[in-house]
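Here is a short report on one protein chain. Look at the sheet first, then the core and the surface.

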Amino acid sequence: MVLLHVKRGDESQFLLQAPGSTELEELTVQVARVYNGRLKVQRLCSGAARGWAHPGQIERPAWDGERGAGWAEGSEMEELAEHGIFLPPNMQGLTDDQIEELKLKDEWGEKCVPSGGAVFKKDDIGRRNGQAPNEKMKQVLKKTIEEAKAIISKKQVEAGVCVTMEMVKDALDQLRGAVMIVYPMGLPPYDPIRMEFENKEDLSGTQAGLNVIKEAEAQLWWAAKELRRTKKLSDYVGKNEKTKIIAKIQQRGQGAPAREPIISSEEQKQLMLYYHRRQEELKRLEENDDDAYLNSPWADNTALKRHFHGVKDIKWRPR
């Protein structure tokens with residue numbers, strides 16, 4: 001099995017195994033599905049991934065505490081545990097007085113009550129209804145969030161664990177099951193968590209939408225070469241099934257990704273440290289006098305005589 005270390009740009013994503021005889025059409029779709037599936041789990045579990053994107057905007061992480069328009073403080077699942085279900089779109093961002101004045105009603109809020117009763121915790125952003133699950137149910141959600149994040153974590157690369165689509169589906173199933181335990185009546189059809197589970201999420205105009213790669217437009221690159229879908233993996237890497245390659249996933253039309261550096265950043269640091277130490281050593285040698293070696297123990301011509309007289313290493317000092 002050929003081991004693929006999949007990256008997006010310079011950032012590691014996951015490891016994946018495939019036989020060398022695999023058609024690259026099939027492999028490219030498989031890699032894109034795992035990549036997009038991990039993004040879905042991240043949108044549910046890992047916070048502020050739905051920022052509004054502007055044309056030409058580059059990807060950036062959310063700042064701690066950032067709660068501007070279009071940004072969520074925590075992940076959707078965490079917000080569900082803290083503040084309950086999503087408000088209807090026509091009630092989001094309104095104050096209680098405005099809701100009362102407009103005579104708006106949250107019908108789904110009356111149906112979707114968490115197991116064990118609700119605890120009121122107001123959402124300052126005004127996105128959720130504030131009817132949060134009790135502490136026990138909240139822990140069910142948070143524990144499942146951590147387990148799902150661990151399954152698709154990039155630390156799996158360091159641990160040498162390959163991620164499969166079955167693992168991604170398992171993470172989503174765990175999240176879906178936890179929501180069903182806490183909300184037996186389900187979530188409103190407009191709640192982003194339910195929309196993610198039903199693959200109805202609308203990411204247009206968001207930062208998260210820029211990260212998704214359509215399966216039909218996905219490309220794999222290795223050693224500055226595009227792995228064309230019409231060929232097999234072995235056409236590029238040979239017939240050695242123990243080969244390990246770094247494959248970069250890219251959207252068609254974005255051009256070739258940057259090549260991998262010849263040495264890793266850690267190796268580069270060690271190399272620079274070695275040359276710095278070497279330069280310091282040469283500098284000290286240049287500063288020393290030519291006869292500095294005479295102070296060395298091996299240059300003492302009376303050392304043997306003193307050794308036999310038993311007066312070696314005697315030190316004198318005043319009392």
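Glutamine 219 stands opposite glutamine 250, a residue of S7. The model is predicted. Strand S5 covers residues 218–222 and strand S7 covers residues 244–251. The two run antiparallel and are joined by 4 bridges.

S5 also pairs with S6, again in the antiparallel sense, over 2 bridges. Here tryptophan 221 has glutamate 226 of S6 as its bridge partner. S5 and S6 make a hairpin, with 2 residues between the strands. Alanine 223 sits in that turn and has a positive phi of about 50°.

| Strand pair | Sense | Bridges |
|---|---|---|
| S5 and S7 | antiparallel | 4 bridges |
| S5 and S6 | antiparallel | 2 bridges |

Is S5 largely enclosed or left open by the rest of the structure? It is largely enclosed, because 4 of its 5 residues are buried. The cut-off for buried is under 20% relative accessible area.

**Core**

In soluble globular proteins, nonpolar side chains tend to be buried together. The largest nonpolar core in this model has 49 residues. Leu4, Leu27, Val41 and Leu175 have the most contacts inside this core. Helix H1 (residues 24–45) supplies the largest share of the core, 10 residues.

What does leucine 27 touch, leaving aside residues up to four places away in sequence? Its contacts are Leu4, Leu16, Ala18, Thr22, Leu220 and Leu233.

**Surface**

Tyrosine 274 belongs to helix H11 (residues 265–287).

**Whole chain**

The protein chain has 319 residues, and buried residues make up 37% of them. Its secondary structure comes to 12 helices and 7 strands. The chain exposes about 20200 Å², with 52% of that area supplied by carbon and sulfur atoms. Consider the contacts between residues at least 6 apart in sequence: 69% of these join residues at least 24 apart.

Technical notes. Residues numbered from 1 in each chain as written. Predicted model: local features only at pLDDT ≥ 70, side-chain atom pairs only at ≥ 80, totals over all residues. Heavy atoms only, no water. Core = buried A, V, L, I, M, F, W, Y, C linked by side-chain atoms within 4.5 Å. Buried < 20%, exposed > 50% of the residue type's maximum accessible area, 1.4 Å probe, protein only. Contact = heavy atoms within 4.5 Å. Pairing = 2+ DSSP bridges. Areas by Shrake-Rupley, 256 points an atom, 1.4 Å probe, with all protein chains shown as cover.
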